[in-house]
Amino acid sequence: MTDQPTTDRPVRVMVVDDHPMWRDAVSRDLAEAGLDVVATAGDGEEAVRRARACSPQVVVLDLNLPLLSGAEVCRQVVAQDPAVRVLVLSASGEHQDVLEAVKSGATGYLVKSAGREELLDAVRRTAVGDAVFTPGLAGLVLGEFRRLATEPAPASAPAAPQLTARETEVLRLVAKGLSYRQIADRLVLSHRTVQNHVQNTLGKLQLHNRVELVRYAIEQGLDEEL
């Protein structure tokens, strides 16, 4: 069973897609599953405005949008509220689209061939901080982060903050692609404890989400440690 967000309130979701029938179907599936669909949008500019107004926890976002691209919507939404998590739901599984979405701040990526239960699970996992990808795409993203990690760091890069041994241990497993549930099982901790360690680490490193955290860990070589 997928862990639920650590609150009694339903997850607040906004659905963004320029096809009304698809947008309505996704919204209906989410609402019937007990999630709170607080807004929908059919173009990029509308999506940015409504995200600012309703503060969703998760934005389910198509990439191919009029007025503003999905990637640009993602950048603006995350910039105005770093706590929001973006799950891309796109017809495209092209590597360039996936990487652009992640670099824009998306924390997950599903192709539209995903089933209803897969989507519901992905939204719930995204809400609690997991990075969720259609099978095969997670490895692509980790590989790109490893490539970027080989680029020279800026000469003025600040010294890394001091993490506790447990925070470092959790961070190493995050870098290896494990979900919070898997990390909790591996370290014999509660899911909530793992979330707390991750949130503390994000604060110390001044990062905004799990995707940035994975990239940082890989840059530090933590994914290669035993």
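Two strands are said to pair if DSSP finds at least two bridges between them. Helices (H or I, at least four residues) and strands (E, at least two) are themselves DSSP runs, numbered from the N terminus. With those terms in place, I shall begin with strand S1.

The model before you is predicted, so local features need pLDDT of at least 70 and side-chain atom pairs count only at pLDDT 80 or more, while totals for chains, interfaces and linings use all residues. Residues are numbered from 1 along each chain as its sequence is written, and side-chain values use heavy atoms, with hydrogens and water left out.

Strand S1 covers residues 12-16. S1 pairs with strand S2 (residues 36-41) in the parallel sense, over five bridges, and Val15 stands opposite Thr40 in S2. S1 also runs parallel to strand S3 (residues 58-61), to which four bridges join it; here Val13 stands opposite Val58. Together with helix H1 (residues 20-32), S1 and S2 make a right-handed β-α-β unit. A crossover is called right-handed if, with the strands pointing away from the viewer, the path from the first strand over the helix to the second runs clockwise.

How many of the five residues of S1 are buried? Four are, and the strand is therefore mostly covered. Buried means under 20% relative accessible area, exposed means over 50%, and partly exposed lies in between (1.4 Å probe, protein chains only).

I turn now to the cores. A nonpolar core is a set of buried Ala, Val, Leu, Ile, Met, Phe, Trp, Tyr and Cys residues joined through side-chain atoms within 4.5 Å. The largest has 28 residues, of which Met14, Val16, Val59, Leu61, Val73, Val86 and Tyr109 touch the most other members. Among the elements that give two or more residues to this core are S1, S2, S3, helix H3 (70-80) and strand S4 (85-90). A second, separate core of 22 residues includes Leu187, Val214, Tyr216 and Ile218.

Contact here means heavy atoms within 4.5 Å. Not counting residues up to four places away in sequence, Val59 touches Met14, Val16, Val77, Val84, Arg85, Val86 and Leu87.

Ala47 lies in helix H2 (residues 44-54). Ala47 counts as buried because its relative accessibility is 0%. Leaving aside neighbours within four places in sequence, Ala47 is in contact with Met14, Val16, Ala41 and Val73. The C-alpha atoms of Ala47 and Val15 are separated by 8.6 Å, although these residues are 32 apart along the chain.

Helix H10 (residues 210-219) is mostly covered, with seven of its 10 residues buried. Those buried are Arg210, Val211, Leu213, Val214, Tyr216, Ala217 and Ile218. After H10 comes Gly221, whose phi is positive, near 80°.

Finally, the backbone. Most residues other than glycine have a negative phi. Which residue in the loop between H2 and S3 deserves mention here? The residue is Ser55, with a positive phi of about 50° although it is not a glycine. Ser55 is partly exposed because its relative accessible area is 40%. Val188, in the loop between helix H8 (180-187) and helix H9 (191-205), has a positive phi of about 55° and is likewise not a glycine. At 73% relative accessibility, Val188 counts as exposed.
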